[in-house]
Amino acid sequence: MLSGFRIGALDIRPGLVLAPMAGVTESPFRQLMRECNPDMLGLVVSEFISIEGLTRSDLRSHAMLRHVAAERPLAIQIFGADIDRMAEAATLVQAAGADVVDINCGCPVPKVVRRGGGAELMRAPAHLERLLRAVRRELSVPLTLKIRTGWDAESINCVEIARLAEDAGVAMVTVHGRTRQQAYQGLADWQQIGLVKQAVSIPVVGSGDVASAGSARERMMRSGVDGLAIGRGALADPWIFSRVARALAGGRVGDGVSGAAPSSRREVLERYAELLAAQHPERTVAARLRMFATSLLRGFAGAAALRQRIAVTRGSGELLGVLRGAPLAAVHADLAA
Ligand SMILES: Cc1cc2nc3c(=O)[nH]c(=O)nc-3n(C[C@H](O)[C@H](O)[C@H](O)COP(=O)(O)O)c2cc1C
């Protein structure tokens, strides 16, 4: 049911993707997800990176290209609107070693859409088509696209955009089943995602509200997509890719995670701290760690009190100290599937 798919010459197996999340899916988090789900995660995607930053030698944007071999296959996502800068940024991303270049057509943030990027590109199909063809010409690695269902409920055009993308040489399209107006409100529309799947012959990945093996199975059946992208679900359950892969391969929903290290919430956070510290100053390590701990430490007795204690910690050492002092049963509690 979830055998996988090809993006150009790349074999994505299983068809499960770590969805791009700004401020989250940078190299340490991508490595962590690979470690928690050995052989169970087909593709990881970077947070979006500005083409303006990349083509103007902005150090922060270039630092976002950093990755390690263990993350691969890796897609790096870029956003912006200008055709020449998009093509130049795509070649920089390819030169940095990305296996796939992904273009963002889904960001709803005013600062991005006002400048013609993100979801605004879906309102300018002729411009988008020129842009995709120009980028395609420059690349030898596959080009993919992430879209929403449309701008708002009155202008749903994901099928049209996916067809246009396929014609322009795009190798895979990911559809987040919400409009730009919805941002992250309401439920993702998997019927629209299914319509895109029927309309094109390139692989289609669905995105939106896959938070458990059960919800993955239901959305897969409803839409017939080739793959599923999981974002927020991975922040709540870092082993979610293994659970979903097993469930969709016919295993029992909620089967444990075999052979995966790290194997408890505490180990996950300790490992994340290590991975973060290898690339970031302490201030960033502490902020990222606190953010992940807040979403991870839920759903067991004493979780709320533990989160409160963690919220007031002043550094990563103190945060890990609180975790080490917490009852073992809590931080080792298996997550519900
Ligand atoms: C904090 C956060 C940051 C996100 N950043 C990006 C991004 O940089 N690029 C992108 O294409 N989508 C981004 N998304 C959208 C996700 O990739 C995904 O499509 C959406 O969250 C729905 O999937 P989910 O329910 O599995 O989270 C972001 C979502 C969240 C919650």
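How many residues of E9 are buried? I looked: 8 of the 8 residues in E9 are buried, so the strand is mostly covered. Buried here means under 20% relative accessible area, exposed means over 50%, and partly exposed lies in between (1.4 Å probe, protein chains only). Helices (H or I, at least four residues) and strands (E, at least two) are DSSP runs, numbered from the N terminus.

**Ground rules.** I am working on a predicted model, where local features need pLDDT of at least 70, side-chain atom pairs count only at pLDDT 80 or more, and totals for chains, interfaces and linings use all residues. Residues are numbered from 1 along each chain as its sequence is written, and side-chain values use heavy atoms, with hydrogens and water left out.

**Entry: the strands beside E9.** I checked pairing next; two strands pair if DSSP finds at least two bridges between them. Strand E8 (residues 143–150) runs parallel to E9, with 6 bridges joining them. I noted Val173 in E9 as the bridge partner of Leu145. E10 also pairs with E9 in the parallel sense, over 4 bridges. There, Val175 stands opposite Gly206 of E10.

I then traced the connections. E8, helix H7 (residues 158–167) and E9 form a right-handed β-α-β unit. E9, helix H8 (residues 190–199) and E10 form a right-handed β-α-β unit too. Right-handed means that, with the strands pointing away from the viewer, the path from the first strand over the helix to the second runs clockwise.

Entry: I counted a salt bridge when a side-chain nitrogen of Lys or Arg is within 4 Å of a carboxyl oxygen of Asp or Glu. Arg178 and Asp209 meet this with N to O at 2.6 Å. Arg178 sits in strand E9 (residues 172–179), and Asp209 in the loop between strand E10 (204–207) and helix H9 (213–223). The two are 31 residues apart, and the pair links distant parts of the chain. Are Arg178 and Asp209 buried or exposed? I find both buried.

**Entry: other salt bridges.** My search of the whole structure gave 19 salt bridges. One of them joins the side chains of Asp11 and Arg6, at 3.8 Å from N to O. Asp11 is partly exposed at 37% relative accessible area. Arg6 is partly exposed as well, at 48%. I also found Arg6, Asp11 and Arg13 linked in a network of salt bridges.

Arg271 and Glu35 form another, their closest N and O atoms 2.7 Å apart. Arg271 lies in helix H12 (residues 265–277) and Glu35 in helix H1 (residues 27–36), so this pair ties together parts that are 236 residues apart in sequence. Arg271 is partly exposed, with 26% relative accessibility. Glu35 is partly exposed, with 26% relative accessibility.

**Entry: the two domains.** Domain bounds come from an automatic or database domain assignment. I read domain 1 as 5–248 and domain 2 as 265–332. Their C-alpha centres lie 28 Å apart. The contact (heavy atoms within 4.5 Å) takes 16 residues from domain 1 and 13 residues from domain 2.

Together they bury about 1,300 Å², with 60% of it on carbon and sulfur atoms. Buried area is the accessible area (1.4 Å probe) that two parts lose on being put together, summed over both. In domain 1, Pro28, Leu32 and Leu235 lose the most area to domain 2, together 34% of what that side buries. I count 2 salt bridges between the domains. Elsewhere in my list, Glu26 forms a salt bridge with Arg288, with closest N and O atoms 2.8 Å apart.
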